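Here is a quick tour for anyone about to work with these coordinates. Take a look at the chain below before reading on.

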Amino acid sequence: MKAAAARAFGEPVDLPIVVGVDGSEPSLRAVEWAADEAALRGASLRLVYASLWERYEGASVADDLGKPSEEVMAQDIAETAERRARRRQPGVKVTTEILPEEPEYSLIRESRSALAMVVGCRGRSGVTEALLGSVSVTVAGHAYCPVIVLRGSHDNQARSGVRGRVVLGVSEKPTHSAAVRFAIEEALLHGVPLEAVRAWRRPLHEPRAHPLIVGEPAHLQERQAAETVEEALRGTPAGLQVYRRTIEGFARDALLAVSREADLLVVGARRREGHFGLQLGRVAHGVLHHAACPVAVVPEPV
């Protein structure tokens, strides 16, 4: 079943789940989360530490090793992450890689041959918890595979599902959507319901209803949103419990609200070939910074 689920997303089952580690506690929490995901998928785990600096400037690994932070080296960080993964899921195959380069570039390159990429909500920059580190944003905006950013739990614990649902933000063109397939797969793997959400907004100057269409839905936009959700869910496996939800308002605000009820929020990000700028979109960018749960950004080829 695990292998079949991986193939359903269109990826060979021998691709690893890659985790970007930097020695911070959020990145170690990402290692544990990714280890659970790898166990569910029957996949291997690849831990990547990339930095132009040889030494580590944080506290998490230093405390774990009983060393001053200025004595912690790249190899210590990789070994600590590997121990976390093996302790979490002893049956998962784990490999490590240390790369002397900027983490953004190395992780984007790694994403070409990954089933998925997992990163923590921030790195060593000291940015407040409400914001996302630049590495995570850059990777999510350029990666070739789904990127899961671990937001939501700041108690330094990797949590399996506690709210019991995967939420999908439905885009304008959901047919053949990679984000839809990924969300369905995640819900099936974890044995939880899928909630498909589409936001809608009424026109600024809404005309009065024509007498001939009395009895139709009050708002054309709401009806169109419901139809888009149905289109996204066409072909959903019969055994999956699905909830449909349309919310009046901005898409970003709607998804942030439902993220408080989710174990994972899945959104798509359109990728234009040959375009080198950040390819996230306002909605994906907003939920990455402020969601109350982990966020999966799935690339959608244009």
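Is Cys-145 buried or exposed? Cys-145 counts as buried, because its relative accessibility is 1% and the cut-off is under 20%.

## Cysteines

As for disulfides, the count comes to zero, going by cysteine sulfur atoms within 2.5 Å.

The average pLDDT for the protein is 82, and 74% of the residues score at least 70. Going element by element, strand S6 (residues 166-169) has the highest mean pLDDT at 97, while helix H1 (residues 2-8) has the lowest at 43.

Two stretches call for some care. Over residues 1-9 the pLDDT is below 50, though this stretch has 19 contacts in the model beyond near neighbours in sequence. Residues 123-132 also have pLDDT below 50, with 25 contacts in the model beyond near neighbours in sequence. Where pLDDT is low, the predicted coordinates should not be read in detail.

## Overall make-up

You'll find ten helices and ten strands in the protein. Of its 302 residues, 49% are buried. The accessible surface comes to about 14,900 Å², and carbon and sulfur atoms account for 51% of that.

What about contacts along the chain? Among those with a separation of 6 or more, 76% are between residues 24 or more positions apart.

## Nonpolar cores

The largest nonpolar core has 48 residues. Val-19, Leu-45, Val-118, Ile-148, Leu-194 and Val-266 are the ones with the most contacts inside this core. A second, separate core has 36 residues, including Ala-199, Ile-247, Leu-256 and Val-258.

Which residues does Val-19 touch, not counting residues up to four places away in sequence? They are Ser-27, Ala-30, Val-31, Ala-34, Leu-45, Arg-46, Leu-47, Val-48 and Val-118.

## Around Ser-171

Ser-171 sits in the loop between S6 and helix H7 (178-190). Ser-171 is partly exposed because its relative accessible area is 29%, between the 20% and 50% cut-offs.

Setting aside neighbours within four places in sequence, Ser-171 is in contact with Arg-198, Thr-228 and Arg-270. Ser-171 and Ala-232 are 61 residues apart in sequence, and their C-alpha atoms are 8.5 Å apart in space.

Notes:
Residues are numbered from 1 along each chain as its sequence is written. This is a predicted model: local features need pLDDT of at least 70, side-chain atom pairs count only at pLDDT 80 or more; totals for chains, interfaces and linings use all residues. Side-chain values use heavy atoms; hydrogens and water are left out. A nonpolar core is a set of buried Ala, Val, Leu, Ile, Met, Phe, Trp, Tyr and Cys residues joined through side-chain atoms within 4.5 Å. Buried means under 20% relative accessible area, exposed over 50%, partly exposed in between (1.4 Å probe, protein chains only). Contact means heavy atoms within 4.5 Å. pLDDT is the predictor's confidence in each residue, from 0 to 100. Helices (H or I, at least four residues) and strands (E, at least two) are DSSP runs, numbered from the N terminus. Accessible areas come from the Shrake-Rupley method with a 1.4 Å probe; for residues, only the protein chains shown count as cover.
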